[in-house]
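Me: I am new to this structure. Please pick one part and take me through it closely.

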Amino acid sequence: MIPGPVDMQDDGSRSPIGGAVTALRQARQDWRARHDAGRRPASFPARGAIQAAVELLSAALYPRRLGQFRGNEAEEDRFVAAKLLAAATVLEREVAAELGYWEAEARGGAFERDQAATIVRLFIAELGDIRALIDSDVEAAFLGDPAARSVDEILVCYPGAIASLHHRIAHRLYALGAPIAARMVSELANERTGVDIHPGATIGASFFIDHGTGVVIGETAIVGARVRLYQHVTLGARTPLADATPGPRDRFARHPIVEDDVVIYAGSTILRRVTIGAGAVVGGNVWLLEDVAPGARVCGRSPRVRGSPEEDHSHQPRVG
């Protein structure tokens with residue numbers, strides 16, 4: 001039997017579990033006093049339920065490849081409808097829980113009763129467009145990677161495609177007013193692939209992350225069409241000084257803009273609201289804090305080969 005908070009041991013001292021329970025109760029009370037004023041802590045979307053919803057949506061989007069549907073075409077629509085109904089039911093419950101959490105900050109003090117249903121209905125209505133974007137990402141990967149043998153291999157196996165699928169779902173939930181549910185979707189992808197895309201990031205069609213691991217894309221980043229990133233690329237923001245008060249630009253436009261047809265190679269870090277112009281190429285391991293003109297080529301310090309008569313002493317990226 002687990003001792004209660006005030007259970008005593010034979011020597012008269014409080015049990016370790018009882019002491020821990022008391023300390024944890026105090027920690028909870030302190031936390032809620034600081035952060036949960038007016039909120040209902042019990043109202044919060046469940047991570048497991050969000051994961052189940054993503055699996056159901058994936059099956060509806062790709063019934064044969066991700067849903068393991070094996071029937072004929074006449075039965076396929078019924079399979080998709082069943083998956084969508086189940087996904088919508090789960091999402092509506094979890095979005096309603098999230099809205100309950102935010103009610104303390106909502107103007108008027110409460111959301112309309114059918115707000116969660118409205119969000120989910122609008123989200124479901126956009127699944128055709130979401131599927132088209134994911135298709136474009138998969139096709140971009142197939143065109144960009146000669147090691148790929150089929151588009152199905154990319155959809156099922158490639159970390160970049162898995163991350164893109166999750167982001168397309170998360171971004172719409174985020175835009176429709178369910179940021180916590182959206183962030184849970186993005187973190188599911190992060191766990192599986194090592195790709196961390198904030199659901200607020202805006203990403204155009206035919207997006208390809210090659211290899212994937214370690215890619216980070218921040219909330220206010222804007223990425224154009226046909227952009228390719230390699231592993232360990234960061235589209236991030238600079239950390240403000242401790243005594244600095246961030247202005248509207250620093251808060252709401254703090255990540256890079258990457259225009260159409262840009263390629264960014266492995267290990268490069270691009271920070272602040274800079275613009276990488278259309279068709280530019282950023283080489284590997286570049287640290288970049290300034291705009292890049294369309295069509296430009298950016299490379300870091302060239303490695304020195306021992307015994308070579310030439311040495312490059314430049315420590316700054318070169319733009320050509």
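Reply: Start with the ground rules. This is a predicted model, where local features need pLDDT of at least 70, side-chain atom pairs count only at pLDDT 80 or more, and totals for chains, interfaces and linings use all residues. Residues are numbered from 1 along each chain as its sequence is written, and side-chain values use heavy atoms, with hydrogens and water left out.

Now the pocket. The second largest pocket has a volume of about 340 Å³. A pocket here is an open set of points on a 1 Å grid over the protein atoms alone, where a 1.4 Å probe fits, with protein on both sides within 12 Å along at least five of seven lines. Its volume is the space filled by probe spheres set on those points, which are joined across faces, edges and corners.

Lining residues have an atom within 4 Å of a point. There are 17 of them, and Val54, Glu55, Ser58, His166 and Arg192 are the closest to the pocket centre. By class, eight are nonpolar, five polar and four charged. Ala, Val, Leu, Ile, Met, Phe, Trp, Tyr, Cys and Pro count as nonpolar; Asp, Glu, Lys and Arg are charged; the others, Gly among them, are polar.

Which helices supply the lining? At least two residues each come from α2 (47–61), α6 (151–157), α7 (159–176) and α8 (179–193). Helix α2 gives the most, with five residues. Helices are DSSP runs of H or I, at least four residues long, numbered from the N terminus.

In soluble globular proteins, nonpolar side chains tend to be buried together.

Take Leu91. Leaving aside residues up to four places away in sequence, Leu91 touches Ile50, Ala53, Leu57, Val120, Phe123 and Leu173. A contact means heavy atoms within 4.5 Å.
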